[in-house]
Amino acid sequence: MVDLLPAWLADGLGDEALFWFGYLTDGRHLAWYSSVQFTLIAALLGGLCALGFGLLGAGMVGSRALPVRLFGKAYVNMVRGVPDVLFFLFFPLAFEQGVEWMASSVICSPEDIAANPGRWPPCPAANWILGTWEYLLLASVSLGIVYGAFTANVIHGALNAVPRGQIEAARAYGFSASQVFWRIRVRQMWIYALPGLSNVWLLLIKATALLSLLQIVDIVSWAGRLGAPNFTPSAGLVHPDWRWYYYLVLLLFYVLLTFLSEKGFAALTRWAGRGMAVAEARA
Amino acid sequence: MISAANSSAQPPLLQLEDIHKSFGTLEVLRGISLTAGEGEVVALIGSSGSGKSTLLRCINLLEVPDRGRVVIGGEAVAMTSEGPHRRAADEKQLRRIRSGIGMVFQSFNLWSHMSVLDNVMAAPLQVQGREKAEVREEALAMLEKVGIAQKADAFPAQLSGGQQQRAAIARALCINPRLMLFDEPTSALDPELEGEVLRVIRLLAEEGRTMVLVTHDMEFARSVARRAVFLHEGLIEEEGPVREVFGAPRSERLQRFLAAGQHA
């Protein structure tokens, strides 16, 4: 990267600054910076999944059909109690092996299976090799399932906070059940849900630091690698254990994300509160 | 569907037959039959708990009667078998019938996330599937009619109670209702705001609209309605032309009810 600097700037910076600039823009550091995308993608995709599962879960909890309601309640109450780390390890592996099991029942011939006793997958052809992107997708879905349970709980409460009279008015004017749900209840619940949703969102962002558990070389793994005592054959010890510097940078990164999230939620709250008496009473 | 023979006989616009409704063990309606003809204004009166609001809500099935028939324009509303779990049997029919009945609530129940104009346009657009430009024009005309055209772009929370209730009336008018239901339309209003709402309702009565009105305001019921129905403990105690019901009540309960109202 140093050679990309224009000459006047390189001259003006001095040797020491140039050294640090070179250090911070070497290939490994650039890889670290670009790994931020995994964190951001997991957060956004996970957040969307959580919202989807949350709406679905809240809809099920509020359903009139008993089996649907029970399933919704089981989801909301059980998944909220599961440690996210554990689910994060469990779900992608279980999903991967489930797919392999289904694939093997189609692909593998009986001879193949007999040739590989006690092996997983039952035959080599059924082996599903997951790369970073597949793991990222599975990680996002895991986040979505875990935090969707919290989201469902928040949304369920918010849906019930929508004034009954307005729901009744919509029914009296001939709105269908789904119109009442989407156009009145879901449209109005945000002002009640957003404070709770912003909590869930911050928890979800924090959980993105777990991506390295799924063999994704994310910002946390890179920080550990880059900060570790560093030797090169030509220069000897480049630096001692600097991990805490690197982790500090990550802490600041998450503080920044939190700050931006709060800004975003404030804007959403302004949007959701237009015309709503609740918002005016709060302001 | 109405057969040719029936339609020539012109069934009354609204027929309630033997309506029963209980909430748990509380029997609110105990067999009420009522009709309202085209262009008629019927006032339901009675003390709190007499069942008049519940009866009104049975007309568009916001409450499903446990027993009895609801017939609108000769068409019976399909319901499942009698009992506490009774519900509408034909969702499509129910929506069609509801989309022809304009209801005005005690607490206005405007949709708070929509502007006043959007409130008025919502049902015509989303339930009746009418064309937007036409609906918009009509909605503005209705707001003009109830005297709040200048508030079209405001949100309900920015309006006074009287203005909100007039917006709610415009919302009911914009669906071109063949029947209008008023559930104590002025009870949530300060006395000085009642007048503006009552004026609008009186105007509608003079236009010959068919209306069923639940009210505590006897003076108003008397001046606006053609017929009054006095309910007591879930039964019709007395009914007739307002002149007779208010001028020469026969039942002792009605006499006492009216006398008590005069001092209130």
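What radius of gyration does chain B have, and what value would a compact globule with 264 residues have? Chain B has 18 Å, which agrees with the value near 18 Å that a compact globule with 264 residues would have; the radius is taken over C-alpha atoms, and the globule rule is 2.2 Å times the number of residues to the power 0.38. The model is predicted, so that local features need pLDDT of at least 70 and side-chain atom pairs count only at pLDDT 80 or more, whereas totals for chains, interfaces and linings use all residues. Residues are numbered from 1 along each chain as its sequence is written, and chains are lettered from A and ligands numbered from 1 in the order in which they are written.

Along the principal axes, the C-alpha atoms of chain B fill a box of roughly 50 × 50 × 40 Å. Chain B contains 10 helices and 10 strands, these being DSSP runs numbered from the N terminus (H or I and at least four residues for helices, E and at least two for strands). Of its 264 residues, 45% count as buried, a residue being buried if 20 or more other C-beta atoms lie within 10 Å of its own, exposed if 12 or fewer, and partly exposed in between, with C-beta atoms placed from the backbone. Among contacts in chain B between residues at least 6 apart in sequence, 61% join residues at least 24 apart, where contact requires C-beta atoms, placed from the backbone, within 7 Å.

Six strands of chain B form an open sheet of mixed pairing in the order S6-S7-S8-S3-S9-S10, two strands being paired if DSSP finds at least two bridges between them. Its edges are strand S6 (101–104) and strand S10 (235–241) of chain B, each of which pairs on one side only. Strand S9 (residues 227–232) of chain B pairs with S10(B) in the antiparallel sense over six bridges, and B:Ala228 has B:Gly240 in S10(B) as its bridge partner.

The largest nonpolar core has 127 residues, and those with the most contacts inside it are B:Leu44, B:Leu181, B:Leu213 and B:Ala228; such a core is a set of buried Ala, Val, Leu, Ile, Met, Phe, Trp, Tyr and Cys residues joined through C-beta atoms within 7 Å. Helix H8 (residues 132–161) of chain A gives the most to this core, with 14 residues. Apart from this core lies another, of six residues, including A:Ile219 and A:Trp222. A:Ile219, found in helix H11 (residues 219–227) of chain A, is buried because 26 other C-beta atoms lie within 10 Å. Leaving aside neighbours within four places in sequence, A:Ile219 is in contact with A:Trp32, A:Ser35, A:Val36, A:Thr39 and A:Leu250.

The contact between the chains takes 19 residues from chain B and 19 residues from chain A. On the side of chain B that touches chain A, helix H3 (91–98) and helix H4 (116–126) of chain B are the elements that give two or more residues.

Two residues of chain B other than glycine have a positive phi, namely B:Asn109 at about 55° and B:Glu184 near 45°. Most residues other than glycine have a negative phi. B:Asn109 is placed in the loop between S6 and H4 of chain B and is buried, with 24 other C-beta atoms within 10 Å. B:Glu184 lies in the loop between strand S7 (179–183) and helix H7 (191–206) of chain B, and is likewise buried, with 20 other C-beta atoms within 10 Å.

Methods
Contact = placed C-beta atoms within 7 Å.
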